[in-house]
Amino acid sequence: MGCSSEGLATALRAAAEVIAEHRDELVDLDRAIGDADHGENLNRGFTAIVAALETQLPPTPGAVAKLAATTLISKVGGAAGPLYGTAFLRASAKLGEAAEVDSALLVDALRAALEGVQARGKAVGGDATMVDALIPAVSAAETAAGGSVAEVLTAAADAADRGAESTVDLIPRKGRASYLGERAVGHLDPGARSTALLLRAFAEAAR
Ligand code: ADP
Ligand code: MG
Ligand code: MG
């Protein structure tokens, strides 16, 4: 069974709840190696997505993803707003006019989201960013592509958790944390953590 426009809207509302619950944790992670605003930035963005979805439910999952993208780009500054905005925008383009997202289309959209983040931010694996959660998530999603949407997302979320954890041992090469260099080693990257949280929220919503 695939995911409809309403299904994606429900997943985004679930994601907003998870981000609100983890707002302070993300702020604390960003305080250690950045400027202590990642939780606030994402909470503002996802709150705005929920508000936008209250005034209109776009007709297709692609249009819902596009609404999320434009909301994040307009409401969230810093690094993460444009990066997550680009992720949703590329996913939206891949979803096109489809009425339902099945596992194969979902995997393509996740791959497109990763490519968008990398095109925009120029980070590669090992730079200690959200890309370190996304790369293994997309690989795991591809491996799980024969399963249901929930199975694909659960595999992606599990891999993203492990990928996020891997940033603890890395020297940041992109974003504010890169200013600290080796002094940032020992800290979890906030954007990698939020990526893992978002994928977990989507996976739970799809069950
Ligand atoms: P800012 O650093 O502008 O305050 P946020 O705190 O909201 O923005 O987001 C920081 C997160 O953004 C980092 O933890 C990292 O995961 C991600 N990030 C920063 N720069 C890049 C980049 N060039 N490519 C990928 N991700 C990045
Ligand atoms: Mg920050
Ligand atoms: Mg900032």
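The model is predicted: local features need pLDDT of at least 70, side-chain atom pairs count only at pLDDT 80 or more, and totals for chains, interfaces and linings use all residues. Residues are numbered from 1 along each chain as its sequence is written, while chains are lettered from A and ligands numbered from 1 in the order in which they are written.

**Around ligand 1**

- The shell around ligand 1 holds 24 residues. A residue is near a molecule if its C-beta atom, placed from the backbone, lies within 6 Å of it.
- Gly 78, Ala 80, Gly 121, Gly 175 and Gly 191 come nearest to ligand 1.
- Two or more shell residues come from each of α3 (38–55), α5 (80–95), α6 (103–121) and α9 (190–206). Helices are DSSP runs (H or I, at least four residues), strands are runs of E (at least two), and both are numbered from the N terminus.
- Helix α9 gives the largest share, three residues.
- By class, the shell has nine nonpolar, eight polar and seven charged residues. Ala, Val, Leu, Ile, Met, Phe, Trp, Tyr, Cys and Pro count as nonpolar, Asp, Glu, Lys and Arg as charged, and the others, Gly among them, as polar.

**The annotated domain**

- UniProt lists residues 6–204 as "domain: DhaL" in an unreviewed entry. Such annotations may be inferred rather than shown by experiment.
- The span 6–204 is 71% helix and 0% strand, and its end C-alpha atoms lie 15 Å apart.

**Helices α4 and α5**

- Helix α4 (residues 61–75) packs on α5 at about 160°, with axes 8 Å apart. Axes are lines fitted to C-alpha atoms over the stretch in contact, and angles run from 0 to 180 degrees between N-to-C directions.
- That angle makes α4 roughly antiparallel to α5. Angles under 35 degrees count as roughly parallel, over 145 as roughly antiparallel, 65 to 115 as roughly perpendicular and the rest as oblique.
- The crossing of α4 and α5 is left-handed. In a left-handed crossing the near helix is turned anticlockwise from the far one by less than a right angle; clockwise is right-handed.
- Contact residues include Ala 65 and Leu 72 of α4, and Gly 85 and Phe 88 of α5. Two residues are in contact if their C-beta atoms, placed from the backbone, lie within 7 Å.
- This contact has twelve nonpolar, four polar and one charged residue.

**Helices α3 and α4**

- Helices α3 and α4 pack at about 135°, with axes 9 Å apart.
- That makes α3 oblique to α4.
- Their crossing is right-handed.
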